[in-house]
Amino acid sequence: MFRKNLKKDPELFQNVSEGLRRLYRTKLFPLEDTYRFHDFHSPALEDADFDNKPMVLLQDFPGMRIGPEPTTDSFIAVMHGEQEGVIPGNALVVDPKKPFRKLNAFGNAFLNRFMCAQMPNPVLESISIIDTPGILSGEKQRISRGYDFAAVLEWFAERVDRIILLFDAHKLDISDEFSEVIRALKNHEDKMRVVLNKADQISTQQLMRVYGALMWSLGKIINTPEVVRVYIGSFWAQPLLVPDNRKLFEAEEQDLFVDIQSLPRNAALRKLNDLIKRARLAKVQAYIISSLKKEMPSVFGKDTKKKELIANLGEIYHKIEKEHQISPGDFPKLDKMQELLNGQDFTKFASLKPKLLEAVEDMLANDIARLMAMVRQEEATMPSQTVKGGAFEGTMSGPFGHGYGEGASEGIDELEWVVGRDKPTYDEIFYTLSPINGKVSGAAAKKELVKSKLPNTVLGKIWKLADVDKDGFLDDEEFALANHLIKVKLEGHELPPTLPEHLVPPSKRGTVEA
């Protein structure tokens with residue numbers, strides 16, 4: 001009865017999330033359930049999967065972590081909560097409001113290494129972050145984690161909005177487990193981004209080589225016409241060790257920042273896209289299972305026939321591909337499917353039920369188009385959906401250092417004193433003020449500084465910052481510094497609360513606390 005109403009009433013869905021949830025339950029889930037999709041591919045979706053905030057999966061590779069190796073072997077979901085606290089894995093998977101209930105299938109070995117860190121951070125009102133264990137290298141790869149690491153990653157990959165792979169430019173280690181991880185993320189390349197971090201620790205020439213090696217390694221594993229986006233930079237608000245590529249790093253950081261900010265706005269589209277991918281895979285699953293059922297004898301020789309069918313699964317794939325015009329990329333991995341089929345009773349498989357497939361075809365042909373239109377409408381009514389709070393608040397420069405390299409931060413990664421560039425000009429003014437013993441008094445300096453028309457409170461702060469040795473006078477370096485800070489303020493930048501180390505006059509370094 002409900003299915004008939006669904007076709008007749010195009011206004012049935014109140015929003016995209018509700019529409020996806022109902023379509024899944026009424027049209028896709030029956031097909032999945034009949035042909036054991038949940039045993040072979042992915043657990044059934046729950047309400048929380050459609051309602052949860054955008055999630056970002058962080059996967060780091062050797063060199064990313066500091067500390068003993070055992071600290072890396074945990075999955076940590078960082079989410080918003082009114083009170084700060086930690087929820088252990090076993091409690092997390094029984095919470096119906098969290099999208100993790102089906103992780104229970106991976107057992108205690110995994111759940112003991114899974115937790116949720118909740119905190120009242122405004123950024124987490126828009127997105128959640130899944131921090132994964134560091135990739136092991138060398139001998140450590142051979143030590144079993146005690147659970148199916150790749151399968152857990154694949155489970156998360158299906159449900160997150162963005163997958164960020166983190167590499168250290170100065171320590172690029174392409175381990176065996178790296179290949180396993182990338183393969184687990186296959187079919188989710190559209191969500192994948194790569195960050196080549198700590199790129200300021202190597203020269204431009206070395207960086208080019210590292211970038212080339214990384215792209216070559218990714219290309220061998222990710223067989224897709226579109227190149228995965230790689231962001232190069234030093235993703236923290238600290239001075240660059242090798243500042244040659246600062247402009248490039250700033251542009252890359254800005255691009256990554258914008259990408260993350262857009263996730264809430266694109267969340268509905270991502271869920272829609274994932275449901276389409278799931279439906280295509282479920283259709284293929286139905287054809288495979290029903291084909292195997294059709295070939296099974298009714299009485300004798302069942303075990304022999306089962307082994308024969310598993311061995312010839314590649315031929316069955318090819319037959320289904322031609323008969324139903326299905327892309328080879330929609331089929332599950334052959335070796336994995338063969339392994340899973342070994343433990344199944346083929347006689348209990350369902351034969352082909354055209355009505356179930358027709359319902360999914362109708363969903364893909366008609367319902368999805370309506371929901372796509374609703375996605376655009378929702379985007380139009382909520383154009384300001386972005387990540388907010390913390391380092392994302394009131395800035396478009398990103399969380400990696402507000403205005404890094406500008407204002408009071410200009411010259412932070414240069415060897416020469418940045419004030420020295422304009423010091424000859426400031427010196428000319430300084431010597432017109434008739435300095436005594438190489439210094440000018442506050443009264444004399446004020447006559448010049450007030451010409452900036454800055455408020456007295458601001459000029460007072462500039463004086464305190466510029467009078468580095470706190471003697472009540474300004475020498476030529478301190479006077480130049482005061483003028484530099486006036487210029488910073490007049491250009492619209494904020495003054496620092498204390499004088500940054502790179503702005504301390506050369507003659508005062510090491511003798512006076514900044």
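This note goes through a predicted model point by point, from the whole chain to single residues.

1. Basis. The model is predicted, and local features need pLDDT of at least 70 while side-chain atom pairs count only at pLDDT 80 or more, although totals for chains, interfaces and linings use all residues. Residues are numbered from 1 along each chain as its sequence is written, and side-chain values use heavy atoms, with hydrogens and water left out.

2. Whole chain. The chain holds 19 helices and ten strands, where helices (H or I, at least four residues) and strands (E, at least two) are DSSP runs numbered from the N terminus. Of its 514 residues, 49% are buried, a term that stands for under 20% relative accessible area, with exposed meaning over 50% and partly exposed in between (1.4 Å probe, protein chains only). Among contacts with a separation of 6 or more, 79% come from residues 24 or more positions apart, contact meaning heavy atoms within 4.5 Å.

3. Strands around E4. Strand E4 (residues 114-119) pairs with strand E2 (residues 75-80) in the parallel sense over six bridges, and with strand E3 (residues 85-88) in the antiparallel sense over four bridges; two strands pair if DSSP finds at least two bridges between them.

4. Aromatic pairs. The whole structure contains 18 aromatic pairs, counted when the ring centres of Phe, Tyr and Trp (its six-membered ring) lie within 6.5 Å, with planes under 30 degrees apart taken as stacked, over 60 as edge-to-face and the rest as tilted. One of them joins phenylalanine 100 and phenylalanine 114 edge-to-face, at 5.4 Å centre to centre and 85° between the planes. This pair links distant parts of the chain, with phenylalanine 100 in the loop between helix H5 (89-92) and helix H6 (107-111) and phenylalanine 114 in strand E4, 14 residues apart. Both phenylalanine 100 and phenylalanine 114 are buried.

5. Phenylalanine 106 counts as partly exposed because its relative accessibility is 22%, whereas phenylalanine 110, at 0%, counts as buried. One aromatic cluster is formed by Phe75, Phe100, Phe106, Phe110, Phe114, Tyr147, Phe149, Trp155 and Phe156.

6. Helix H7. Eight of the eleven residues of helix H7 (residues 149-159) are buried, so the helix is largely enclosed by the rest of the structure. The buried residues include Phe149, Trp155, Phe156 and Arg159.

7. Helices H11 and H13. Helix H11 (residues 263-295) packs on helix H13 (residues 313-324) at an angle of about 115°, with the axes 10 Å apart; axes are lines fitted to C-alpha atoms, for helices over the stretch in contact, and angles run from 0 to 180 degrees between N-to-C directions. The contact is made by Tyr287, Ile288, Ser291, Leu292 and Glu295 of H11 and by Leu313, Ile316, Tyr317, Lys319, Ile320 and His324 of H13.

8. Valine 195. This residue lies in strand E7 (residues 192-197) and is buried, with a relative accessible area of 2%. Leaving aside neighbours within four places in sequence, valine 195 is in contact with Ile164, Leu165, Leu166, Phe167, Tyr231, Phe235 and Leu256. The C-alpha atoms of valine 195 and alanine 169, 26 residues apart along the chain, are separated by 9.3 Å.
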